[in-house]
Amino acid sequence: YAQHGYGEEALQFFQQMQEVGIIPDEITLISVLYACSHAGLVEKGLYYFNTMSQDHGIVPILKHYNSMVDLLGRAGRLDEAEDFINKMPMQPDGVTWMSLLGSCRVQGCTERAKHAAESAIELDVQLSAAYVVLSNICAAAGRWDDVAIVRKAMTDREVKKEAGCSWIEVNNRVHEFISGDRSHPQTEEIYAELERLTEKVKNAGYVPDTMLALLDVEEQNRSSLHYHSEKLAISFGLLSTPYVTPLHIIKNLRVCWDCHIVIKFISKITRREIIVRDTSRFHHIKDGICSCGDYW
């Protein structure tokens, strides 16, 4: 329930489990906190965290604390999230700091983002996501000197950015797409379909949000934003499956905000349900509405 965007339903199911005598364990409470985090149920999340020891005899572990950092950060309560990290009874890990960094990206908090990124990199100098997210935050704030510093650090440390990759299964065969890729046998048809879709979504009111993906195209034409891997996979799916067939996409990275907007438009224009599984959750997109509620 939680990963598919049904936070309230997840909590109702948790309540039903207890009513029939099922005793929750550490993993159960991680799922409960995850549900609260992704549905914006901050007060309920705080309640479950603060009572898990008393009500269920479960001592919070690092994953529970990380869930709380994510919960507070997604709600924009960054002061509380960072204070929570500082008061943790164990050392934070890379996930802790990346959760805070991701929230700083949404809230546009550059200074706190630098601290979170530096803390994450200190734990893993090859953590490319920390550099990339910080670079995008600095770029969005117009702090190009800081962008240059981050990019130089990546070069000096030989940090390689992970390429965006998406998969879709059609007729029992898995097709892989990489951003800007032209290796698929149906490349010409796929790109023509994507261009057609791009025109349609623009006519429907879409305006590209290139600021959030500036560093994805640092050495390329900004038009390459149109060719992110999930868009290529969706275009291929539309060409290769019967009308009204749902499309199921898996991506190795988190879907960017711009692509998320485009996919919502595509779902409405084509009257297709599009389900995207990224590193954060499942996005069930239908008639221009996503199960995530646009809650990032």
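Trainee: Is E111 buried, partly exposed or exposed?

Mentor: E111 is partly exposed, with a relative accessible area of 48%. Buried means under 20% relative accessible area, exposed means over 50%, and partly exposed lies in between (1.4 Å probe, protein chains only). The model is predicted, so local features need pLDDT of at least 70 and side-chain atom pairs count only at pLDDT 80 or more, whereas totals for chains, interfaces and linings use all residues. Residues are numbered from 1 along each chain as its sequence is written, and side-chain values use heavy atoms, with hydrogens and water left out.

Trainee: With which residue does E111 meet in a salt bridge?

Mentor: Side chains of opposite charge can pair when their charged atoms come close. A salt bridge is defined as a side-chain nitrogen of Lys or Arg within 4 Å of a carboxyl oxygen of Asp or Glu. Here the side chain of E111 meets that of R143, at 2.8 Å from N to O. This pair links distant parts of the chain, 32 residues apart: E111 is in helix α7 (residues 110-123), and R143 is in the loop between α8 (128-140) and α9 (144-156). R143 counts as partly exposed, at 26% relative accessibility. Helices (H or I, at least four residues) and strands (E, at least two) are DSSP runs, numbered from the N terminus.

Trainee: How many salt bridges does a search of the whole structure find?

Mentor: The search finds 14 salt bridges. One of the pairs is D70 with R74, whose closest N and O atoms are 2.8 Å apart. Both residues lie in helix α4 (residues 62-74), four residues apart, about one turn of the helix. D70 counts as buried at 14% relative accessibility, and R74 is buried with a relative accessible area of 10%.

Trainee: Which parts does the pair of K251 and E230 tie together?

Mentor: K251 forms a salt bridge with E230, with 2.8 Å between the closest N and O atoms. K251 lies in strand β3 (residues 247-251) and E230 in helix α11 (residues 229-240), so the pair ties together parts that are 21 residues apart in sequence. K251 counts as buried at 7% relative accessibility, and E230 is buried with a relative accessible area of 0%. Elsewhere, salt bridges that share partners join E43, R77 and E80 into one network.

Trainee: Which residues make the nonpolar surface patch?

Mentor: Patches are made of residues with over 30% relative accessible area and no salt bridge; like charges are joined within 9 Å, and nonpolar side chains (Val, Leu, Ile, Met, Phe, Trp, Tyr) within 5 Å. Accessible areas come from the Shrake-Rupley method with a 1.4 Å probe, and for residues only the protein chains shown count as cover. Y1, Y6 and F13 make a nonpolar surface patch of about 330 Å². F13 has its place in helix α1 (residues 7-19) and is partly exposed, with a relative accessible area of 42%.
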